[in-house]
Amino acid sequence: FKNYIDLFFDPEFKRVLFNTTIWLTIVGVFVKIVLGIFLAFLINSNTLKKYKLTNIFQLSLMIPWATPSIVAVVVWRMILDPQVGVINQFLLEWGILTESIAFLADTSYVWPSIITIITWNTLPLVTLTFLASLKSVPTDLLDAASVDGANKFQRALYVILPHMVPSIIIMILMSTFWTFNNFVFVWLATGAGPGTYTNVMATEVYLRAFIDGRMGYSSALGIIMASIMTVFGIIYLRLIIRRNLKEIF
């Protein structure tokens, strides 16, 4: 019980909880879902079909999806490197920057950089899920909306998006699972730094247990993480069960 008391009164825990909840989960999942919906509409658009670019876009999505997380982080660390990174060289050559930016060491850029890495590696699954949902929209509904005078934007807003809501909710919950307890991306990208600025719950468990040797404190934090994930798990199962019952009856 003392471990739990120490945990809740530890100022570091408040920042760790904030980083995990706000930056890593809410912002990360929001960006992933919005971009996933946008890319799904883009890939399914008549413009790409007209120029036969749909298959190329779908195949290009497989590259980040097939890339192991460790490899993705290593590559992105090279891309964001202040000395030899492609992004810094491009911005310097075009006069956008006057000096290089250490994206993974500057507190102003480190969280957007981490979210970019995570999004790049995990966005394809979200996009393909939404694309499958998009393709399952009944053509009768779209034809009826067109007959009623709805333009493309109105069809997307009032017909397609409502049909995609179940998939969007499921992907939000699944993305929350994958993101909330993420260790690999944060640890390999920044080592919870600079300092402990990007420390999240997963990295905090590791640091307390294997660096500080506080196994009890680390275990208490692990139980808190498991409890939070249990809540999301219950919500996810309820939604799945309810959806399956609707399909049966």
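This is a predicted model: local features need pLDDT of at least 70, side-chain atom pairs count only at pLDDT 80 or more; totals for chains, interfaces and linings use all residues.
Local features were taken at pLDDT of at least 70 and side-chain atom pairs only at pLDDT 80 or more, while totals for chains, interfaces and linings use all residues. Residues are numbered from 1 along each chain as its sequence is written, and side-chain values use heavy atoms, with hydrogens and water left out.

The structure holds 10 aromatic pairs. Rings of Phe, Tyr and Trp (its six-membered ring) were paired if their centres lie within 6.5 Å; planes under 30 degrees apart count as stacked, over 60 as edge-to-face and the rest as tilted. One of these pairs joins Phe-90 and Trp-94, which is tilted, with 5.9 Å centre to centre and 45° between the planes. Phe-90 is partly exposed at a relative accessible area of 45%, and Trp-94 is exposed at 62%. Here buried means under 20% relative accessible area, exposed over 50% and partly exposed in between (1.4 Å probe, protein chains only). Phe-103 and Tyr-109 form an edge-to-face pair, because their planes stand at 80°, with the ring centres 5.7 Å apart. Phe-103 counts as buried at 10% relative accessibility, whereas Tyr-109 is partly exposed at 33%. Ring pairs also link Phe-183, Trp-187, Tyr-206 and Phe-210 into a cluster.

Helices (H or I, at least four residues) are DSSP runs, numbered from the N terminus. Helix α11 spans residues 201-211, and its buried residues are Met-201, Ala-202, Thr-203, Glu-204, Leu-207, Arg-208 and Ala-209. Just after α11, Gly-213 takes a positive phi of about 75°. Arg-214 lies over the face of Tyr-217, at 4.3 Å from the ring centre; a charge sits over a ring if NZ of Lys or CZ of Arg is within 6 Å of the ring centre and within 35 degrees of the ring normal.

Helices α5 (69-79) and α10 (184-190) each supply at least two residues of the patch, and the largest share, 3 residues, comes from α5. Met-78 is found in α5 and is exposed, with a relative accessible area of 55%.
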